[in-house]
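Hi,

Here is the structure I promised to pass on. Have a look at it first, and then read on for my notes.

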Amino acid sequence: MIDGTKFKPKTVYVTYIATTPEKVWQALTDPAFSKQYFFGFAVDLEPRAGGAFFLRYPDGRVHVRGEILDWSPPRRFACTWLVEGMKEFGELPECLVTYDIEQAGEAVRLTMTESHSWDVPDAILAGGRAGWPAILSSLKSVLETGKPLVVKMGPPAEMMEAVARAVAEKPWLKSLP
Amino acid sequence: MSKPVFVYVTYIASTPDKVFSALTDHDATGKFWFGNAATSDWKVGSPIEFHREGKLILQGNILENDPPRRLSYSFRPMHDPQFAGEQPSRVVFELEPQKDQVKLTVTHDDFAEDTKVFASISNGWPLVLSSLKSYLETNRVLRAPWYEKQEAGSCS
């Protein structure tokens, strides 16, 4: 399995949800749930550490591919994350996405942490920083009201340029010994 | 070292008018903001105070009031002596309608050097804004008996 310790947190988003840790865990790992709040992507995974993780387009194609590093229901989920389904993104180093689920009074505190193994530019981080608030706001609405939000967005233009530049220059190779 | 800036975005199934009203209403703030009720005449330059159970928690002055798009006030926590001595910071609420929902962006900046308030508000805003979203979408607020404890910086 990949060594998670080489990844450093770059984006953190916290939301509090009036539900149980078990329901949050189900929403994060169940395809019927994820399709509602995750821009239509279905989660497809092997429920164990070392198992495969996918986010799939409605037609079944792979959008995100990863490997599960931590499978500790209903407290902690971590997997590597490579956006394979979009031009050039699949050539970037994979990042690490971790969900921490904690009871907080009568609510649940959900913390999403996106971590990277290289000195990733802000223009690339902008994609996740725009996307996670929409995804996790919608997740909260699904669990509290049964109704997802409909947020339409694509990657920021400067992100597309930054990804193309990074893929051409491969700065992560320079930090290897 | 650049000064810290806290940014939090949430999407709420509501209208800009309703979100703006909740942010500027005594009773609504008292409900979603864990008892911290806002009092102000909301005119630019006027004072704003938040009281909880008769105690002054937070004070500032209205910097911008452009309903239902933009609200800003200076921000000086008063409930804890370690914060009250610090120069006031600034919070800005920006509301953008998106079809049948609202994108709310909260930007909190202009902190003192060596600020202690920044760490506290970084913990506090996700909770307050999650509760605001629940209040507007479900008419229920999040129950947070741990709120004061966390606000005081105790993690035990």
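Before the first number, a word on burial: a residue counts as buried if 20 or more other C-beta atoms lie within 10 Å of its own, with C-beta atoms placed from the backbone. By that cut-off, 35% of the 156 residues of chain B are buried. Please keep in mind that this is a predicted model.

Let me start with the overall build of chain B. Its secondary structure comprises five helices and seven strands, and from the N terminus the order is β-α-α-β-β-β-β-α-β-β-α-α. The C-alpha trace spans about 40 × 30 × 30 Å along its principal axes. If we take the contacts in chain B between residues at least 6 apart in sequence, 43% of them join residues at least 24 apart.

Next, the place where the two chains meet. Chain B puts 20 residues into the contact, and chain A puts in 20 residues as well. On the chain B side, strand E1 (6–12) and helix H4 (117–138) are the elements that give two or more residues. Which of them gives the most? That is H4(B), with seven residues. Sorted by class, the side of chain B that touches chain A holds nine nonpolar, six polar and five charged residues.

Finally, the core. The largest nonpolar core has 80 residues, and Val24(A), Cys79(A), Val108(A) and Val19(B) are those with the most contacts inside it. Helix H3 (residues 122–145) of chain A supplies the largest share of this core, seven residues. What does Val19(B) touch, leaving aside its neighbours within four places in sequence? Its contacts are Ile12(B), Ser14(B), Leu95(B), Val102(B), Leu104(B) and Leu136(B). Two of these fall in elements already mentioned: Ile12(B) lies in strand E1 (6–12) and Leu136(B) in helix H4 (117–138).

Best wishes

Notes:
Residues are numbered from 1 along each chain as its sequence is written. Chains are lettered from A and ligands numbered from 1 in the order in which they are written. This is a predicted model: local features need pLDDT of at least 70, side-chain atom pairs count only at pLDDT 80 or more; totals for chains, interfaces and linings use all residues. Helices (H or I, at least four residues) and strands (E, at least two) are DSSP runs, numbered from the N terminus. A residue is buried if 20 or more other C-beta atoms lie within 10 Å of its own, exposed if 12 or fewer, and partly exposed in between; C-beta atoms are placed from the backbone. Two residues are in contact if their C-beta atoms, placed from the backbone, lie within 7 Å. Ala, Val, Leu, Ile, Met, Phe, Trp, Tyr, Cys and Pro count as nonpolar, Asp, Glu, Lys and Arg as charged, and the others, Gly among them, as polar. A nonpolar core is a set of buried Ala, Val, Leu, Ile, Met, Phe, Trp, Tyr and Cys residues joined through C-beta atoms within 7 Å.
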